[in-house]
Amino acid sequence: MASRAHLTFAVLLGALLWTGLSGVPGGTAAFATSPPKAVEARDEASQASGYREVVETTENFPTEGDLKGSVRVVTLVPNRGYTPIQVTVHNTGGQPRPVRLSIHSQGRIMERSLEVGPRERTVTWLLMPADLQAGIINMDSPGMDTVAQSFYLDGYRGARVMVLGDVKAFEAATGLSRAPENMEPLVATRFVEPRTAPRELAAYVGYDAVLVAVPADQVPDDVWAVLEMFAVAGGKLVLDQPPANPRLRLPLLQDEKAELSPYGFGFVRQFRECRKKTPGCGFRLWEDTERSPAVVVPAGPPPRWERHDLLSDGRLPLLSSARAPVGRFLLLIFLFVLAVGPGGWMLARRKGPLAVLIAVPTLAVLTSLGLVAWSVLVDGFSVHAARYSLTLLDRERSRAVTVGLNAWYANLAEESVRMPASSVLLAPASSTGPEDPPRLLDWTNGLVVKNSFLPSRSYREWGEVAVVPSRARLTAHKTDGGVQVQNALGAPLMGGTLKLDGQLYVLPELADGAEGLAPPEEAEAGDVDLLGLEHEPRMRFQDAVAPLIQELEDGAFVARLGGRGFTPTAALDVELDAALHVVRGQVEEARR
């Protein structure tokens, strides 16, 4: 009986396998036609599903005279950059009133000053470094006592998305529902009213993606301008209801009907085909958050208990002056020991003990003066910097989109720096927070770091993202033996590649404003190194290099420049130890 049961089971199993094989008459083709991506999506969805809403609550300031205020708390902290804190100020009086808002957290202050008109209600934003999780916000106005409100933030560590719209619009767009308490969500969300959304680029860059879940006409034009800058500077912008003509708001789109399009250093996704396919738009949103998390990742210092020449993650500093000249100092100390030891013994035999008592302190003073002289003559009192950047020139809109990396070393502290609202200053990511961070950030007109931008005798790296006006250009015209080019890029040209009429040309070294001949390139297109970046700075840029190393289209160039670059911190007076700025754009044909 047992053998017959086993035989029957084997026959049934064989029949099931036979009917399940693809290509066999009567068999199912389900396994053969299931796309691998869908299988991977199901695997991911089995581990995480839905979304987690970070519910924000409104806390009111104590009422003081005719000034009322409130703050939205329990806000979702981004992965990097700055957390935007929404504050509402209502002036119920008949006179305009100046107001100063400030956040105090761990000895650091973030502030903004504004003027609220008579009977005006204003929504504004304070931006707080993402490594801070709580604080006290103060509201000051002349003639009134200071009122304060404490708050804390949500430090969720998964994928984080800012949504312009409400919960209903988000669920309709993505098909996601709230994840159960015992399940890991695909994304955590923060919801912002589109009409009062932030107007500063720094409010968006830290989030893994920004989803516009409302029709395009419900988003103000100035907010659209910032969202476009967010995308072109490396962000992931997702549109639930794409406008009829997306290029009106996103002018760099190559294919306005494409589901996913590269856009400058970032990406733009339009929910179109994903509505009809499994696993749906919500999973595509999660995929977007998994793309390169940051266009530039400056290196932070090692932990205090691991002091050595290497930085965090074993990276090397980008400045040679940031490393102590151990060899030279050891040589100087060795000579001092020889002079005091054997030299002192010989001096004592010839001149007596009194000479030794005079010589040893004198040698100690001379050695100390030598160390000080080295510091003054070699390091000096100026700020040393190594500056690297990647730039896309948008000639039609006369702007430069730049991702920058700056390494700094200052003998004397550099107190302040100013950044416009279309730029962001990014500190190194660290689980313990930055070491000796700036203590005062003023967001009244862009960002002004008012205290301790660079501590003395310390190596620091800062990342930058900026979209700034620029008339930089490269002009060219065909001539005998090559292409005659003029450098109008605002910095010394150190080389590069130009493609014109299907032929590659080698850009010569030219001073700013100078002209020269670009001869034909002998190497194949795939063999040309367009960047010329060394390993250490290139690793800090991650995937930001991709838009610059793509195959050149006709009329395009990639140039390598010296100088200080296009980012706002280029205005600081520094001594450049190293600099390389890679610029890609369209050549401007010179009229003859």
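These are brief notes on local features of this predicted model.

1. Helix packing. Helix H4 (residues 167-174) packs against helix H6 (residues 281-289) at an angle of about 95°. Their axes are 7 Å apart. Angles of 65 to 115 degrees count as roughly perpendicular, so H4 and H6 are roughly perpendicular to each other.

2. Residues in that contact. H4 contributes Phe170, Ala173 and Thr174. H6 contributes Cys281, Gly282 and Leu285. By class, the contact of H4 with H6 has four nonpolar residues, two polar and no charged ones.

3. Salt bridges. A search of the whole structure gives 29 salt bridges. Asp208 sits in the loop between strand E11 (187-192) and strand E12 (209-212), and Arg80 in the loop between strand E3 (67-73) and strand E4 (82-91), so the pair ties together parts that are 128 residues apart in sequence.

4. Backbone points to check. Most residues other than glycine have a negative phi, and most peptide bonds are trans. Val74 has a positive phi of about 60° and is not a glycine. Val74 lies in the loop between E3 and E4. The peptide bond from Thr278 to Pro279 is cis, with omega near 15°. Pro279 is placed in the loop between strand E15 (266-270) and H6.

5. Surface. Leu331, Phe334, Leu335 and Leu338 make a nonpolar surface patch of about 390 Å². Of these residues, Leu331 lies in helix H7 (residues 326-340).

Note on methods:
Residues numbered from 1 in each chain as written. Predicted model: local features only at pLDDT ≥ 70, side-chain atom pairs only at ≥ 80, totals over all residues. Heavy atoms only, no water. Patch = residues over 30% accessible without salt bridge, like charges linked within 9 Å, V, L, I, M, F, W, Y side chains within 5 Å. Areas by Shrake-Rupley, 256 points an atom, 1.4 Å probe, with all protein chains shown as cover. Salt bridge = Lys/Arg side-chain N within 4 Å of Asp/Glu carboxyl O. Helix = DSSP H or I, 4+ residues; strand = E, 2+ residues; numbered from the N terminus. Axes fitted to C-alpha atoms, helices over the stretch in contact; angles between N-to-C directions. Parallel < 35°, antiparallel > 145°, perpendicular 65-115°, else oblique. Contact = heavy atoms within 4.5 Å. Nonpolar A, V, L, I, M, F, W, Y, C, P; charged D, E, K, R; others polar.
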